[in-house]
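Work through the exercises below with the sequence and the structure in view. Each task is followed by a solution in steps.

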Amino acid sequence: MQTTDKYMESAANALLRIRKSTGLTQEDFGIRLGVSKAYISNMERGYKEPSDRMLLKVEQISGERILESIVKRASAFLSDNPSEEEFKKFIEREFQHVKR
């Protein structure tokens, strides 16, 4: 599995776990986040990467801290021993919302 695949798999698993822990269906979760059921399904299957804004909305709904999710995703990412360039891109992507 490529590094980006590991990242997407980790993010997808986290979103699925969070949604299920709230007891919401994909449709209800999508309504709360302002997206379609299909979009939720695509994120949970790793076809769509959640944006920072989406992650913040998920945090508001679930009460789960985003930083903890980032740490979990970083652990999965680092398990593939990424190159320095891949690591820089990962950090930029993960913390771009902090720059705003």
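**Exercise 1.** Find which residues of helix H4 are exposed and which are buried.

Solution. Step 1: Arg53 and Gln60 are exposed on one side of H4. Exposed means over 50% relative accessible area, buried under 20%, and partly exposed in between, with a 1.4 Å probe and protein chains only. Helices (H or I, at least four residues) and strands (E, at least two) are DSSP runs numbered from the N terminus.

Step 2: H4 covers residues 52-62, and its buried residues are Asp52, Met54, Leu55 and Val58. Seen down the axis, these buried residues fall within an arc of 160°, so they line one face of H4. The arc is taken over the directions from the helix axis to the C-beta atoms.

Step 3: Just after H4 comes Gly63, with a positive phi of about 80°.

The model is predicted: local features need pLDDT of at least 70, side-chain atom pairs count only at pLDDT 80 or more, and totals for chains, interfaces and linings use all residues. Residues are numbered from 1 along each chain as its sequence is written, and side-chain values use heavy atoms, with hydrogens and water left out.

**Exercise 2.** Describe how helices H2 and H3 meet.

Solution. Step 1: The axes of H2 (residues 26-33) and H3 (residues 37-44) come within 8 Å and cross at roughly 105°. Axes are lines fitted to C-alpha atoms, for helices over the stretch in contact, and angles run from 0 to 180 degrees between N-to-C directions.

Step 2: H2 and H3 are therefore roughly perpendicular to each other, a term for angles of 65 to 115 degrees.

Step 3: From H2, the residues Gln26, Glu27, Phe29, Gly30 and Leu33 meet Lys37, Ile40, Ser41 and Glu44 of H3. Contact means heavy atoms within 4.5 Å. The residues of this contact divide into three nonpolar, three polar and three charged. Ala, Val, Leu, Ile, Met, Phe, Trp, Tyr, Cys and Pro count as nonpolar, Asp, Glu, Lys and Arg as charged, and the others, Gly among them, as polar.

Step 4: The buried residues in H3 are Ile40, Ser41, Met43 and Glu44. Their arc around the axis is only 160°, which puts them on the same side of H3. Gly46 follows H3 and has a positive phi, near 85°.

**Exercise 3.** Decide whether Arg19 is buried or exposed, and list its contacts.

Solution. Step 1: Arg19 lies in helix H1 (residues 3-22). Because its relative accessibility is 10%, Arg19 counts as buried.

Step 2: Apart from neighbours within four places in sequence, Arg19 contacts Leu24, Thr25, Gln26, Phe29, Ile40 and Glu44.

**Exercise 4.** List the residues of the largest nonpolar core.

Solution. Step 1: A nonpolar core is a set of buried Ala, Val, Leu, Ile, Met, Phe, Trp, Tyr and Cys residues joined through side-chain atoms within 4.5 Å.

Step 2: The largest core has nine residues: Leu15, Ile18, Leu24, Phe29, Leu33, Ile40, Met43, Met54 and Val58. H1, H2, H3 and H4 are the elements that give two or more residues to this core.

Step 3: Leu33, not counting residues up to four places away in sequence, touches Ile40, Met54, Lys57, Val58 and Ile61.

**Exercise 5.** Say what is found at Asn81.

Solution. Step 1: Asn81 is in the loop between helix H5 (66-78) and helix H6 (84-94).

Step 2: Asn81 has a phi near 50°, a positive value in a residue other than glycine. Most residues other than glycine have a negative phi.

Step 3: At 66% relative accessibility, Asn81 counts as exposed.

Key
Angles under 35 degrees count as roughly parallel, over 145 as roughly antiparallel, 65 to 115 as roughly perpendicular and the rest as oblique.
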